[in-house]
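Subject: Structure for your review

Dear colleague,

Please find below the structure that I am handing over to you.

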Amino acid sequence: MKIKTLSAIALSLLTIGCSNPQKIDVDTSTWMQLHYSKPATQWTQALPIGNARMAAMVFGGVETDELQLNEETFWAGGPYNNLNEKALEALPQIRELVSKDHSDAAQKLIDQTFLTNQHGMRYLTLGSLKFKYDGDTNTKDYQRQLLLPSATHQNSITYADGSSQARTAFASMQDSVIVYHVKADKRPLSFTIYHESPLASVVTADAANHTMTLRTDGVEHEGIAPALRAITRVKLLTDGKVSTNEGNNQLIISDASYATVILTSATNYVNYHDVTGNPEAVTEARLAAALNHDIQSLYKRHKKGFEQYFNRVEMNLVDTKLDTLRSSIDTDMRVKEFNNQNDPQLAALLFHYGRYLLISSSINGSQPANLQGKWNGSPYAPWDSKYTVNINTEMNYWPAELVGLPECHEPLFNMIEDLKETGAEAARTLYGADGWVVHHNTDLWRCSGPIDFACYGMWPNGGAWLAQHIWQHFLFTRDKEFLIKHYDALAGTARFYLSAMVECPSNSEWLVVSPSMSPEHGYPGLDGWVTYGTTMDNQIVYDAINSTIQAAEIVGDSDIAFVEQLKATLKRIPPMQVGKYGQLQEWLVDGDDPRDQHRHISHLYGLYPSDQITASKTPELFKASGVTLTQRGDEATGWSIGWKLNLWARMLDGDHAMKILRNFITLLPSDDPKDMYNVGTIGRTYPNLFCAHPPFQIDGNFGVTAGIVEMLLQSHDGAIHLLPALPKEFSNGEVKGLRARDGFEVDMKWADGKLQKATILSLNGQPLRVRSSHPLKVENCEQEVTSLDPAIENTYEYLIYTSRGERYNFVAE
């Protein structure tokens, strides 16, 4: 197919489709917005836009505006795996040391025989596209907004002389471009576009064609040569004059009433073992396709594409008139004052922001959201911005099913399929085992070996935890074809455990994972962290095997011997135990320190995200989990607070969950380097609502979104529990579109802390069990409604055998 040249298309663009091609109609009235009355001067004040493949941080500077850019596949290094051939031979000796509690010696041997020089590649930045405006920059009014429902950054500036500019930026999934549009009033536009990057880049500007081309080369990392190059193409549309500087690496615009910048980026990455892509052709084709639409059409296509996901859920926690008023207050000031006033709708805004970030960083066809989503301004991102799979990557996807975004979950499933391959190599090479295994980190190249040091990386459970997302997606959707497609990945984690577990040194009836650890933690008296049979290990092994048993029956696995081995092994997993302080033990040894407030609460995996500990089925373990949570305290790193929010919601304690949420919504006003890794720094939310570990990690944002859902709706223990952990601050509200397991969509409205009405749509015709703290009746229901003995004290339960596509209305008696 012949592609028009960009210059020809640009000329035609000015005459097609729209009577005013320089105008974008942006609705700024929504309360679901981040709002500021001054420009960003730091990265964590800038606002994120993204189409899942590309991302930008928009600063909104008056004199110099900035789009800091990322492309999801632009990472250091190239195809590799980090597997040490010495591991298998050393494994028996390591296990022997671990069995005798010689942890330090075992760790040293692991460092020598399991670790390599590669500890994961780093996610890179494309640098920044900058816009330096000429003329008087004194302002009398300034507003910048991130409008969540339309995924639009809007920046309005009124200058001292009465002239104004309206700047609009958005990242279109439909057209795989980022658009930056500026419209001037009363004073012509004059500005320069240029590129800055901490990495080696070559920039070519062409005044005749109004284009810039940027080539940025990848970098070597830990001995792995760079295999990637990124191409960014920039197209300028304007009615002004265009020239270049002497170096032909800048575009200079003058005497313009408007300017539209359309850009797109790509790399030569095809998949984790193929780097033969053609980013030059890809970016050329994308721009050519985008230029078939005028600016208004591009914006409408972008909005329509984004809204199909965002509009699936609604949530309000107070009067919307008050919401509109508060949305005009600077968002960072609302965060700063959150603990001094009643502003529940800020919590709702944070909930919606998590949905916005998930859609913008992960959609079918993209890479999964990494430790910073897709937003990274540094060539040396914190923790390389890898996929940390001992909780952080999993947390990124906790809200996906709850808020009806299975398309956002899809990139994680695709990565799991990749890891099934590289992880099989790790299972064979490191453990002589079947199935597949991943440790606590991976990256774009799907490395599967341990990284860092034994006391952090010797944790062979990351793959199994990831694979539970396959099972959870099935539980929400009952999609048998999906389960068939991914069954081998799920079952592969169980096969690894069947072939890699060993008899427990302290109880030969049990089978345990060895060597391993409770992530990033050890107990007093042990001279290291590496041990065997930790509670979290046992819980993950249980889920891997138990879900595989159930899945095998559903998909019709004919390997009877495999299923029987699974069932036999399930009986030999060590049970969870209650320790001397009444706590849930983190290890087989009763070694918990009641004063320990470690950020990882790994042994409560069984409470959340798993369903092994519930108030209805395991009351003793449920009580012990509450003791552990209390011991660990209410302060933590940002992502850990996100986990604690979900845990306290699962404990059915809404007021304590709200206390945790208040601890999260505390302002960290600076991303000063002195605060970057200082977890003692007060503040867990940056001015742009990014989660502060510190530094920025996006997992906390997603954890909070999931946690707010868990306060309002739970479905993990066989019943849909309506308003299970409602705090007094959320006494009035309404939510629509939440999802529950077995294929149900739930709308609710409540007042004075009591449910008024819940409408539940049955998507699959499954039996519906509903739990509430107040008695309910069902309106206009043809099916029989059965009242059940409640599984939890002071609740009411009802059972209906539903029909697919029918809605069931529960109202307060």
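In what follows, two residues are in contact when they have heavy atoms within 4.5 Å. Please note that this is a predicted model.

Helix packing

By that criterion, helix α15 meets helix α16 through Tyr542, Ile545, Asn546, Thr548, Ile549 and Ala552, which face Phe562, Val563, Leu566, Lys567, Thr569 and Leu570 of α16. Sorted by class, this contact comprises eight nonpolar, three polar and one charged residues. Helix α15 spans residues 535-555 and helix α16 residues 560-570; the two pack at an angle of about 145°, and their axes are 10 Å apart. The crossing of α15 and α16 is left-handed.

Cysteines

The number of disulfides in the structure is zero. Cysteine 447 takes part in no disulfide, and the nearest cysteine sulfur, which belongs to cysteine 455, is 18 Å away.

Aromatic pairs

The structure contains 25 aromatic pairs. One of them joins phenylalanine 131 and tyrosine 180: the ring centres are 4.1 Å apart and the planes lie at 15°, so the pair is stacked. Because phenylalanine 131 belongs to strand β5 (residues 128-133) and tyrosine 180 to strand β9 (residues 177-185), the pair ties together parts that are 49 residues apart in sequence. Phenylalanine 131 is buried, with a relative accessible area of 0%, and tyrosine 180 also counts as buried, at 2% relative accessibility.

Tyrosine 456 and tryptophan 529 form an edge-to-face pair, with 5.4 Å from centre to centre and 70° between the planes. This pair links distant parts of the chain: tyrosine 456 is in helix α12 (residues 454-457), and tryptophan 529, 73 residues apart from it, is in the loop between β21 (507-512) and α15. Tyrosine 456 counts as partly exposed, at 29% relative accessibility, and tryptophan 529 is partly exposed as well, with a relative accessible area of 25%.

Finally, ring pairs link Trp43, Phe306, Phe310, Tyr353, Tyr356, Trp375, Phe690 and Phe696 into a cluster.

Yours sincerely

Notes
Residues are numbered from 1 along each chain as its sequence is written. This is a predicted model: local features need pLDDT of at least 70, side-chain atom pairs count only at pLDDT 80 or more; totals for chains, interfaces and linings use all residues. Side-chain values use heavy atoms; hydrogens and water are left out. Axes are lines fitted to C-alpha atoms, for helices over the stretch in contact, and angles run from 0 to 180 degrees between N-to-C directions. Helices (H or I, at least four residues) and strands (E, at least two) are DSSP runs, numbered from the N terminus. A crossing is left-handed if the near helix is turned anticlockwise from the far one by less than a right angle, and right-handed if clockwise. Ala, Val, Leu, Ile, Met, Phe, Trp, Tyr, Cys and Pro count as nonpolar, Asp, Glu, Lys and Arg as charged, and the others, Gly among them, as polar. A disulfide is a pair of cysteine sulfur atoms within 2.5 Å. Rings of Phe, Tyr and Trp (its six-membered ring) pair if their centres lie within 6.5 Å; planes under 30 degrees apart count as stacked, over 60 as edge-to-face and the rest as tilted. Buried means under 20% relative accessible area, exposed over 50%, partly exposed in between (1.4 Å probe, protein chains only).
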